[in-house]
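Subject: Structure for you to look over, with notes

Dear colleague,

I am handing over the structure below, and my notes on it follow directly after. Please read them with the model open beside you.

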Amino acid sequence: METLVSRGIIESYFAKLSGCLQLDAAIVGGGPSGIVAAYYLAKAGRKTALFDRKLSPGGGMWGGAMMFNDIVIQDEAFPIAEEFGLVCRPYRGGTYLIDSVHATSGLLYQATKAGAIIFNCYSVEDVVYKHGRVGGVVVNWSPVLREKLHVDPLTLIAKAVLDATGHDCEVARTVARKNGLTLDTPTGGVVGEMSMDAAEGERMTLENTKEIYPGLFVSGMAANGVSGSFRMGPIFGGMLMSGKKAAQLILTSLERVHSVEPAGGDEGEAEQV
Ligand code: 48F
């Protein structure tokens, strides 16, 4: 029995991982915007994997505000919450309250059920950058990085990469710093997040959700971070809508990109046509 259990996990896990060596979309960060993006991409039939450095993906949604575990969403985001089957309680001023543990687990459940693969305990430490576009993610075990072990990473090719890393916009920062690229932001670099303005922050999140470099998209707080917009605290409608918009933008871009596979092999790379 012990061997059967171990063999089952090992065979299943490595089949899952090798099935993700060439992705349509690699999502970095399993907060609300990344999970929602993963759901819509997988639902559209795209090979999608999401990487989160933590044991429990969900980002900043589990804890509500100051660990008071409820969140607020506004009217405009209600259809997304409804599509995910979340139980929303109408509140005042066109808002709804949702239990944050229910909301986070509901998003994760629907995204994985739609076919998105989630790799937890994975840190994205770099990207693949060639032919003038971002074309994949460089991953390592989070404990390897935490322990500062000198161990090389693995690489997964992806036609689109979504930076959904939240406030630190880690992927965009790494891409800009290492390659000296000009991003589609007001300064051409990562501007950095501003202080609290909930309404403006929510509005700008959606506006800032875009492709900031060929192959590299941003959503959620990372979108506001790269473009220098406001934080908004525990109202999460913008995060859900940003994830959906990111998925739509990626789906449109995937129609322009195809995978070139060398004859007789499965080790082709994503290239733009
Ligand atoms: O911050 P986070 O929840 O992302 P989000 O979708 O949502 C923001 C809100 O939670 C909240 C807010 C809205 O009202 O202000 O903060 O923008 O989740 C980001 C996730 O990315 C993971 C991190 O563990 C977290 O779960 N992450 C960050 N950097 C990396 C990463 C990395 N380099 N590799 C893998 N995962």
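I begin with Cys121, which at 22% relative accessibility counts as partly exposed, a class that lies between buried (under 20% relative accessible area) and exposed (over 50%), computed with a 1.4 Å probe and with protein chains only. This is a predicted model, in which local features need pLDDT of at least 70 and side-chain atom pairs count only at pLDDT 80 or more, while totals for chains, interfaces and linings use all residues. Residues are numbered from 1 along each chain as its sequence is written, and side-chain values use heavy atoms, with hydrogens and water left out.

Cys121 is found in the loop between strand 6 (117–120) and strand 7 (122–130), where helices (H or I, at least four residues) and strands (E, at least two) are DSSP runs numbered from the N terminus. The phi of Cys121 is positive, near 65°, in a residue other than glycine. Lys148 likewise is not a glycine and has a positive phi, of about 55°; this lysine lies in the loop between helix 5 (142–146) and strand 9 (154–163) and is exposed, with a relative accessible area of 74%. Both are worth a look, because most residues other than glycine have a negative phi.

The ligand site comes next. There are 27 residues around the ligand, and Ser33, Asp52, Gly60, Met221 and Gly233 come nearest, a residue being near a molecule if one of its heavy atoms lies within 4 Å of it. In the side chain of Ser33, an N or O atom is 2.8 Å from an oxygen atom of the ligand. Backbone N or O atoms also take part: that of Met221 lies 2.8 Å from a ligand oxygen, and that of Arg53 lies 3.1 Å from a ligand nitrogen. Taken alone the ligand exposes 720 Å², of which the protein buries 93%, the areas coming from the Shrake-Rupley method with a 1.4 Å probe.

Met221 belongs to helix 8, where Gly220, Ala222, Ala223, Asn224, Gly225, Val226 and Ser227 are buried along with Met221. Helix 8 (residues 220–227) is thus mostly covered, with eight of its eight residues buried, and is followed by Gly228, whose phi is positive, near 75°.

Ser242, in helix 9 (residues 237–254), counts as buried at 0% relative accessibility. Leaving aside neighbours within four places in sequence, Ser242 is in contact (heavy atoms within 4.5 Å) with Ser33, Thr205, Leu206, Thr209, Ser219 and Gly220.

Lastly, the structure holds nine salt bridges, each a side-chain nitrogen of Lys or Arg within 4 Å of a carboxyl oxygen of Asp or Glu. One of them joins Arg46 and Asp24, with the closest N and O atoms 3.7 Å apart; Arg46 lies in the loop between helix 2 (32–43) and strand 2 (48–52) and Asp24 in strand 1 (residues 22–28), so the pair ties together parts that are 22 residues apart in sequence. Asp24 is buried, with a relative accessible area of 10%, whereas Arg46 is partly exposed at 24%. The side chains of Glu83 and Lys43 meet in a salt bridge of 2.9 Å, N to O; because Glu83 lies in helix 3 (residues 78–83) and Lys43 in helix 2, this pair links parts 40 residues apart in sequence.

With best regards

Terms used:
A polar contact is a pair of N or O atoms within 3.5 Å; within protein, one must be able to donate a hydrogen and the other to accept it, and residues adjacent in sequence count only if both atoms are side-chain atoms.
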